Amino acid sequence: MTETTPLASSADAAVATERLAAWVISALTAIVIGGVAIVIYVPRGGHAGGSSWLPEINASLNGTATVLLAIGYVLIRRRRIAAHRACMIAAFAASSLFLITYLIHHAQVGSVPFHGAAWLRPVYFGLLVPHIVLAALVVPLALTTIYRAWCGRFDRHRRLARVTLPIWLYVSVSGVLVYVLLYHSGR
């Protein structure tokens, strides 16, 4: 019979916790991406166009997340860790609220077609395509980055945050620009 040492059992517990966290992050990512795909691509009976007030809320939440991410970056560079943590939690909350209102809006109206000027169409899709791809990528990146900070694994948190932050910033900024092009360039 093999006897386990406290060190081996704590290492096993850490591995099990990491596996569970990876599973939860993967499941949440699949739910988010699946939810977005369903509300965008499942056909609706009618099309409400842009009649909802939610796109303005969505753009505001994306803008808020952008500002909070930038401030959080400045704060960590200045070693103001508690303020950095508060900003990043607030940025995550703003992005999460964005996701909720985005899902509600698109569950009501489905996909919203671009009605802007023809010359803006390549600009719009040039922003939209990487925005969609990186928005899907930022979900597991942000969740993993936050998880690593929460667990106190700051060396791994820092390495991943250097990748996550620019992607998250692009998604937030491009989200506002996509809103402006989609709802204000052709009306």
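Angles under 35 degrees count as roughly parallel, over 145 as roughly antiparallel, 65 to 115 as roughly perpendicular and the rest as oblique. Axes are lines fitted to C-alpha atoms, for helices over the stretch in contact, and angles run from 0 to 180 degrees between N-to-C directions.

This is a predicted model, in which local features need pLDDT of at least 70 and side-chain atom pairs count only at pLDDT 80 or more, while totals for chains, interfaces and linings use all residues. Residues are numbered from 1 along each chain as its sequence is written, and side-chain values use heavy atoms, with hydrogens and water left out.

**Overall build**

The protein chain has 5 helices and 0 strands. Helices (H or I, at least four residues) and strands (E, at least two) are DSSP runs, numbered from the N terminus. Along the sequence the pattern reads α-α-α-α-α. The C-alpha trace spans about 70 × 40 × 25 Å along its principal axes.

**How helices pack**

The axes of H3 and H5 come within 13 Å and cross at roughly 40°. H3 and H5 are therefore oblique to each other. H3 passes H5 in a left-handed crossing. A crossing is left-handed if the near helix is turned anticlockwise from the far one by less than a right angle, and right-handed if clockwise. On the H3 side, His84, Ala91, Phe92, Ser95 and His105 take part; they meet His157, Trp168 and Tyr183 in H5. Contact means heavy atoms within 4.5 Å. The residues of this contact divide into 4 nonpolar, 4 polar and no charged. Here Ala, Val, Leu, Ile, Met, Phe, Trp, Tyr, Cys and Pro count as nonpolar, Asp, Glu, Lys and Arg as charged, and the others, Gly among them, as polar.

H2 and H3 pack at an angle of about 160°, with axes 8 Å apart. H2 and H3 are therefore roughly antiparallel to each other. Their crossing is left-handed. Their contact holds 21 nonpolar, 9 polar and no charged residues.

H4 and H5 have axes that come within 7 Å and cross at roughly 145°. H4 passes H5 in a left-handed crossing. That contact divides into 24 nonpolar, 8 polar and 2 charged residues.

**Pockets**

On a 1 Å grid over the protein atoms alone, a pocket is an open set of points where a 1.4 Å probe fits, with protein on both sides within 12 Å along at least five of seven lines; lining residues have an atom within 4 Å of a point. Grid points are joined across faces, edges and corners, and a volume is the space filled by probe spheres set on the points.

| Pocket | Volume | Lining by class |
|---|---|---|
| Largest pocket | about 1,100 Å³ | 32 nonpolar, 10 polar and 1 charged residues |
| Second largest pocket | about 880 Å³ | 16 nonpolar, 5 polar and 5 charged residues |

The largest pocket is lined by 43 residues. Val36, Phe98, Tyr102, His131 and Ala135 lie nearest its centre. Two or more lining residues come from each of helix H1 (6-41), helix H2 (54-77), helix H3 (81-109), helix H4 (121-150) and helix H5 (154-184). H4 gives the most to the lining of the largest pocket, with 12 residues.

The second largest pocket has a volume of about 880 Å³. Of its 26 lining residues, Ile76, His84, His157, Arg158 and Ala161 are the closest to its centre. H2, H3, H4 and H5 each supply at least two residues of this lining. H5 gives the most, with 9 residues.
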